[in-house]
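Let's take a friendly walk through the side-chain contacts of this model. Have the sequence and the 3D view at hand as you read.

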Amino acid sequence: MARDKDISPDALAKLGAKRLAELLAEACQNDQLLRRKIEILLASKQGGEKLEGAIAKQITSLSRAHGFVEWHEGPALVAELDTLRDGIVRQLGAKDPRAASEQMWRFLTLAEPTIERVDDSNGRIGDVFHCAAADIGSLLARVPDLDRVALAERLHESLGKDDYGFAAQIITSGSEALGVEGRVKLRELLKAEIRRLPSRQEKENWDAIGWPRARLSAHLADLADTECDVDAYIEAIQLGNREHIDAANVAQRLIAAGRPAEALEWLDKDRRARGPFDLTIADLRIAAFEALGKKPEAQALRWQAFEATLSAPHLREHLKRLPDFEDFATEQKALAHAATFPSALTALVFLVEWPALEAADRLVRRRISELDGRNYQWLGKAAEHLVEKWPISATLLYRALVLSVLERGFSKAYPYAARDLASASILGSRLPPDSGIPDHAAFHAELKAKHGRKYGFWQIVEGAHERGRR
């Protein structure tokens, strides 16, 4: 709905402050969110102490709420939480950063009970508390004469109660406030805690030992990242016995630190290197090889990455580095490999995106039975690219899409299937006599014979046909 041009700031100003105040007070009776905003703004005019009290009151009110929040009530709760968070940062933070940081700590304690009483599948409630964790760090950085050791101890205590990972963000957002002294203290506390855990066993209780060790290791790793200390990061990973899980993360940091040879050693530990081809591991190896001046090894790995996954970026990078006149022959070799790739869909996507549409045409005509019409996005896109010069393969793709919908009885997709059938019909006049596939009339008749009872589909088709005749 268009905004009423008569209700503009200038027009409202003409009503006068008193009349506007009366209208606003009346609106607050029926709008809880507006009331919250006005309460914070009014309190801010009465000084920092009064404002802190108003904010503390709202936090207490929210902490006492226990009823389950229905999905349609979620947006209102998000708005209420974000209004309160914004009031702490903007209003109280401008007057008293210390008091604001204290209230934001209290606000963060609302995270767990709030999330447990609401369906936060879209993550919007969580986003508010993630922002709050970032706000705590920025507010603390403005507090004069901050006790950094005490802050480290408080953060350590909060981390122990942090099941949703919000307090863990303060390790990063509060790095400046912690300073060197606070970070040293926090590291000592985390190390002491992880060393009190039993030594890692092949079979251990994950909830009691495995998870606490992994969580503490992650906190130490975050702390190391705030100081760009790759050795501290490695120590954190080792304390958590996570070498096989975080090897790639270690390698990434070692490469950035100019230690590519060590990075390669770590990549050999990554368990993904022993499974299906992993492009993340490959890219790190390539970067390490390049840093070490091992260009042939990097080139060989780029080709291997392409062969294993049909990764177009790796093929492009490989071709760019070839000597003159070798790139064409290598590209043809790559297209031939794509044509026989185990996944026909992956091959088709690559050939269309490359683009190599003539090769895509041959692939479709040869391997149409391997292409599943449920992959609507990619088959439809391929058909659109092929329709101008390769009507046979485009027709096959449109027919595959129609058949997939009807064979599954997927009524919600009937309009799309009707549209694809119309596209196939248009292409019918362009099919050569020796196309090797049934003409459109024969296909239409067979479709009617097999799926004539899909009345909803045929009504759409006939309706579109009637509209076309007009």
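## Salt bridges

The structure holds 26 salt bridges, each defined as a side-chain nitrogen of Lys or Arg within 4 Å of a carboxyl oxygen of Asp or Glu. Side chains of opposite charge can pair when their charged atoms come close. This is a predicted model, where local features need pLDDT of at least 70 and side-chain atom pairs count only at pLDDT 80 or more, while totals for chains, interfaces and linings use all residues. Residues are numbered from 1 along each chain as its sequence is written, and side-chain values use heavy atoms, leaving out hydrogens and water.

One of the bridges joins Lys191 and Glu235, at 3.0 Å from N to O. The pair links distant parts of the chain, with Lys191 in helix 11 (residues 175–195) and Glu235 in helix 13 (residues 230–239), 44 residues apart; helices are DSSP runs of H or I with at least four residues, numbered from the N terminus. Lys191 counts as buried because its relative accessibility is 16%, whereas Glu235 is partly exposed at 28%. Here buried means under 20% relative accessible area, exposed over 50%, and partly exposed in between (1.4 Å probe, protein chains only).

Elsewhere, a network of salt bridges links Glu290, Lys295, Arg302, Glu317, Lys320 and Arg321.

Arg253 has two contacts to look at. Arg253 forms a salt bridge with Asp225, the closest N and O atoms being 2.9 Å apart, and Arg253 also lies over the face of Tyr233, at 4.1 Å from the ring centre. A charge sits over a ring if NZ of Lys or CZ of Arg is within 6 Å of the ring centre and within 35 degrees of the ring normal.

## Aromatic pairs

How many aromatic pairs does a search of the whole structure find? There are 9, counting rings of Phe, Tyr and Trp (its six-membered ring) with centres within 6.5 Å; planes under 30 degrees apart are stacked, over 60 edge-to-face and the rest tilted. The rings of Phe107 and Phe129 have centres 5.2 Å apart and planes at 35°, so this pair is tilted.

Methods. Helix = DSSP H or I, 4+ residues; strand = E, 2+ residues; numbered from the N terminus.
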